[in-house]
Amino acid sequence: MSSSMKQVLEAELQKRREQHLYRQRRVLQSPQGSEVRVDGQHCINFSSNDYLGLANHPRLAEAVEQSLATFGWGSGASHLINGHSELHHQLELVLARFTGRDRALLFSTGYMANLGAIAALVGKGDAVFEDRLNHASLLDGGLISGARFQRFQHNDLDDLARRLQKTDARRKLVVVDGVFSMDGDLAPLPELADLARTHDAWLMVDDAHGFGCLGANGAGTIEHFGLSQTDVPVMMGTLGKAMGCFGAFVAGSEALIETLIQRARPYIYTTAMPAAVAASTLASLQLLTEESWRREHLVSLVERFRRGAEDAGLPLMDSSTAIQPVVIGDSQVTLQVAAALESKGFLVGAIRPPTVPQGSARLRITLSAAHSEQQVDDLLLALTEACRPYREVSA
Ligand code: PMP
């Protein structure tokens, strides 16, 4: 029995290898930052989601240390039993104020927040409409909710309108990424909010990649567009990316948050994150408020990268965010370009299907406020060099 399982799994794994879709973990041997040590090699890092360079900030570490003295390390229980500490509670209040919403609720991860929120809001007899390029956790949330699940063309308002018109579902939930994680472009939130209102649907935005970076105060894509809690009733944000910490939250009305506390299974049936993690997020939010230079520097690096890439004739996507993908197409070639960059000391993500659609494998280059202008210029040179052999072949 077990040998047949071994054979089946090995054959499947071998097929993945042959298709250049096999995924391998790298071992990080340093803190996250613009320069890291990975598998024994020193690299300039253009692959993390540490967009503001806060993951290794000493103020976060200090906050953790201080909270350990009061709360210890493990939370010991779920939020609804007795794991909900004063620090979790305080962070929820601060997040609600920061996002301009009535309340916020902490989740242990963004993946769980998405599963929990969608399945708590819709079920059998309802309908959920998701952008084709939504993050896997949103798609999984839609699928497990039991609601009728539809995907509309990426950022295509007409396609979504047609689908909303046709449905006779009881509740309708429209779900999008604020910033699309593999493309870096924004969802047209003002138009989506109008459309949702017209069709009596609810709008949920996953702002994993906008929160901390976009908007006048860093409150994300919804702030960037000047929208309110009425326009976007369900906001989800993660704390493991620009905030440099871990975990996630959902923010919205009192009724929304109370519903999630009662019904969101990934909230109810899991251990609360350590209070020290909440303490570090409080420190990170304070830095975000006190030091806007990180967001400003990031914006100027994005502009610098795009200007340089355009001058070098590199294919860019329509992204004004820290996510600057270079689509190569073929998975094997993408791996080869990423390996060539790594041999020059630059770490970039090689993203392949099924994370991105077939034929659109890409380098996912992410910029951070921790980068210097020189590092961005050096990357551009190395990138132009690494892409050259393949561009000449395809020209
Ligand atoms: N949503 C999006 C758009 C993401 O990119 C991610 C993480 N890659 C998540 C949700 C999940 O967040 P977490 O890592 O906190 O589980």
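Reader: Which residues of helix 5 are buried?
Author: In this predicted model, the buried residues of helix 5 are Gly110, Met112, Ala113, Asn114, Leu115, Gly116, Ala117, Ile118, Ala120 and Leu121. That is 10 of its 12 residues, so helix 5 is largely enclosed by the rest of the structure.

Reader: Where does helix 5 run, and what span does it have?
Author: Helix 5 covers residues 110–121. From its first C-alpha to its last it reaches 16 Å, close to the 16 Å expected at 1.5 Å a residue.

Reader: And what happens at the start of helix 5?
Author: There, Thr109 brings a side-chain oxygen to within 3.4 Å of the backbone nitrogen of Tyr111.

Reader: Let us turn to helix 4. How many residues has it?
Author: Helix 4 has 14 residues, numbered 86–99. Its reach from first to last C-alpha is 20 Å, close to the 20 Å expected.

Reader: Which of the residues in helix 4 are buried?
Author: Leu87, His88, Leu91, Glu92, Leu95, Ala96, Phe98 and Thr99 are buried in helix 4.

Reader: What do those buried residues pack against?
Author: Their partners include three helices by name: helix 2 (58–71), helix 3 (79–83) and helix 12 (275–290). They also pack against strand 3 (103–107), strand 8 (234–238) and strand 9 (248–252).

Reader: What comes just after helix 4?
Author: Gly100 follows, and this residue takes a positive phi of about 70°.

Reader: Is the pairing of strand 4 and strand 5 parallel or antiparallel?
Author: Strand 4 (residues 127–131) pairs with strand 5 in the parallel sense, over 5 bridges. Within strand 5, Arg148 is the bridge partner of Ala127.

Reader: What does the side chain of Arg26 make contact with?
Author: The side chain of Arg26 has a polar contact of 2.9 Å with that of Asp39. Another polar contact, of 2.6 Å, joins the side chains of Arg26 and Glu342. Arg26 and Asp39 are 13 residues apart in sequence, and their C-alpha atoms are 6.3 Å apart in space.

Reader: And Gln375, is it buried or exposed?
Author: Gln375 counts as buried because its relative accessibility is 11%. Gln375 belongs to helix 15 (residues 373–394). Leaving out residues up to four places away in sequence, Gln375 touches Ser34, Glu35, Ile44, Phe46, Phe346 and Ala370.

Reader: Lastly, how many helices and strands has the protein chain?
Author: The protein chain has 15 helices and 13 strands. Of its 395 residues, 53% are buried. Its radius of gyration is 21 Å, which agrees with the value near 21 Å for a compact globule with 395 residues.

Notes:
Residues numbered from 1 in each chain as written. Predicted model: local features only at pLDDT ≥ 70, side-chain atom pairs only at ≥ 80, totals over all residues. Heavy atoms only, no water. Helix = DSSP H or I, 4+ residues; strand = E, 2+ residues; numbered from the N terminus. Expected span 1.5 Å × (residues − 1). Buried < 20%, exposed > 50% of the residue type's maximum accessible area, 1.4 Å probe, protein only. Polar contact = N/O pair within 3.5 Å; in protein donor to acceptor, adjacent residues only side chain to side chain. Contact = heavy atoms within 4.5 Å. Pairing = 2+ DSSP bridges. Rg over C-alpha atoms; globule rule 2.2 N^0.38 Å.
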